Amino acid sequence: MEGLRRWFDAMRPHRHARASRRRLTHFLPPVLVALLAVTAVVAANATNAAHTCGGELPLRVTVTPAMQQVVRQVANGFEQDRSGVNGLCVKVQVVAEQAADVVAELPTKPIDPPALWIPDSSLWASTAAQKDAAVPGVTPKIVPHASLATSPLVVVGGMDEVAKLGWSQSSVSWQRLVDPGVPVDIADPLTNTEGLATLGLAEGMAPAQNGAPPPELIATLLRLRDATQPNIATCYQLMAKNPQTAPLFTATEQSVIAHNTDSSGPNSSGQAVALYPNEGSVLFDYPVVRVLTNEEPAGTDAAAAAFESRLRSAGAAKSLSDAGFREPGGRAAWAMRAGVRMDTPNRLPAPTSDQVTTVLRAWDVIHLDGRTLAVIDTSGSMAEPMPDGQSRIEVARDGALAGMSLMPDTTAVGLWTFADQWSELVPLGPLGGQTNGAPQRQLLQQAAMSLPGKVKGSTALYDAALQAYTVLRNGYDASKVNSEVLITDGKNETPGGLDLTGLLTALRAEVDPTRPIQIIGIGLGPDADMDVLQQLAATTGGKAYQALNGADFRSVLFDALSRRPCATSNC
């Protein structure tokens, strides 16, 4: 431990007293001094004349919070030079905002978008472009430019905690990080790039197949579900408060440098150590993104180009290096700093948009506080095989078990079956609770395993669909997402029950937009009545899917479980 502290002390840059400067005027004749003064005034006046401007041309620049101070510094110098466009002085407004918030706002709030945007990852620029393209009407145009700097994602810990684990800076691995015996936190991946990149790396270690996460990824996500902090600042605060027990977390190398600079002093217990996984890491790349709109003032394009040029100047590069950022290629141009390494880490590919979509869907599911009634067809045709050899009922069984493994204990789940008539196997109840003295999750698992033995009879689809919807409506819980997951391989075959017109009429009478309950229809195999499932979904604000094989079913069930009605989310 003492050796690690001495290492920190040795890595801190030393401050050298500056030699006092003698004034040049003490050695110059008075006439020469006067001549130099007049020359300086003339030169200054000439410079001001070359940069004369009046009025203001606003230039809004939105930047990731870690880079805010440097960009403001560059903006101050830019304005002091009285940089002008069309005779107007460019007035730079620097606003710090998380990239996820910018992406959410760009298509919906085009009133005052930034002209330049500097997120911490190019991933956000592509995400914003895709999201904008999906919104009808006039939206900003996203044009990404090259990066200003980089910083690798590292594993961060307090000096004491890292010493206790016995890890050196280069002996850690991403696989080791997700070991259940290692205390670890992540920043909320829905709003922080650090958390999102961490989940992307987890997905890369256990790639999704056909859109569905494998058990290894599910296990990692479930572990991280209860170890999520609002932001990186909270993680550092927890570490500083109790460095001996605070969990490890993922953050940028630059944040480690900034933290250690702020917390330097005689007592180094609050200092952080950056650990570099031996597989490599993702580089945050801080691109400059031009955001164009039809409503921007004339001259904005020229002003944005001029300010971007200043951001790419040697002076700005030095300021970024001083703040702990690496060069765009990954080289560290700064002197050795406490808690970090100078050598360039191996670079892993950044998560793709598909990987991010898949892992965030899984993240949604494991955090979804829902109330879900699964209604599964057990008619005779469910014994028929799917192309992969499993019977349809076995595919439904395995999907139900996988879905439950993702859900938190607070989610209420019930299980019904239907053939000639509907039957309740397990009533709705929280997965972490008990029903008749037995654990709800265990009862559901046992009921799901019993499904293949219940296959026989015809298909009372309409009666089961309406009865399940009525049960959900009668016990509606406004704090949860209420949904009926209706799984069938055929069409309604039971005489004497409801017909389709009667079913749709009854559903419309029960639907209340202020108390949303959606029917999610999943048709197994080629014979499922998708027209009926689509009508049921449309009537209740849900969605219908068709799965022609087992992999399809896992994928669509995964998507279905992550759906949130617009009344309960930012749709």
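Buried means under 20% relative accessible area, exposed over 50%, and partly exposed in between, judged with a 1.4 Å probe on protein chains only.

**Figure 1. Welcome to the whole protein.** This is a predicted model, in which local features need pLDDT of at least 70, side-chain atom pairs count only at pLDDT 80 or more, and totals for chains, interfaces and linings use all residues. Residues are numbered from 1 along each chain as its sequence is written, and side-chain values use heavy atoms, with hydrogens and water left out. Of the 571 residues in the protein, 49% are buried. The secondary structure comes to 20 helices and 20 strands, where helices (H or I, at least four residues) and strands (E, at least two) are DSSP runs numbered from the N terminus. A contact means heavy atoms within 4.5 Å. Among contacts between residues at least 6 apart in sequence, 77% join residues at least 24 apart.

**Figure 2. A look into the nonpolar cores.** A nonpolar core is a set of buried Ala, Val, Leu, Ile, Met, Phe, Trp, Tyr and Cys residues joined through side-chain atoms within 4.5 Å. The largest one has 88 residues, and those with the most contacts inside it include Leu 59, Val 92 and Phe 307. Helix H20 (residues 550–561) gives the most to this core, with six residues. Apart from it lies another core, of 26 residues, among them Ala 464, Leu 466, Leu 503 and Val 532.

**Figure 3. Helix H15 meets helix H20.** H15 (residues 392–406) and H20 pack at an angle of about 35°, their axes 10 Å apart. Axes here are lines fitted to C-alpha atoms, for helices over the stretch in contact, and angles run from 0 to 180 degrees between N-to-C directions. On the H15 side the contact includes Val 395, Gly 399 and Leu 406, and on the H20 side Phe 553, Leu 557 and Leu 561.

**Figure 4. The disulfide of Cys 53 and Cys 89.** A disulfide is counted when a pair of cysteine sulfur atoms lies within 2.5 Å, and by this rule the count comes to one. The sulfur atoms of Cys 53 and Cys 89 are 1.9 Å apart. The torsion about their S-S bond is about 95°, so the disulfide is right-handed. Cys 53 sits in the loop between helix H2 (30–50) and strand E1 (56–63), while Cys 89 is in strand E3 (residues 88–96), 36 residues apart. Both cysteines, Cys 53 and Cys 89, are buried.
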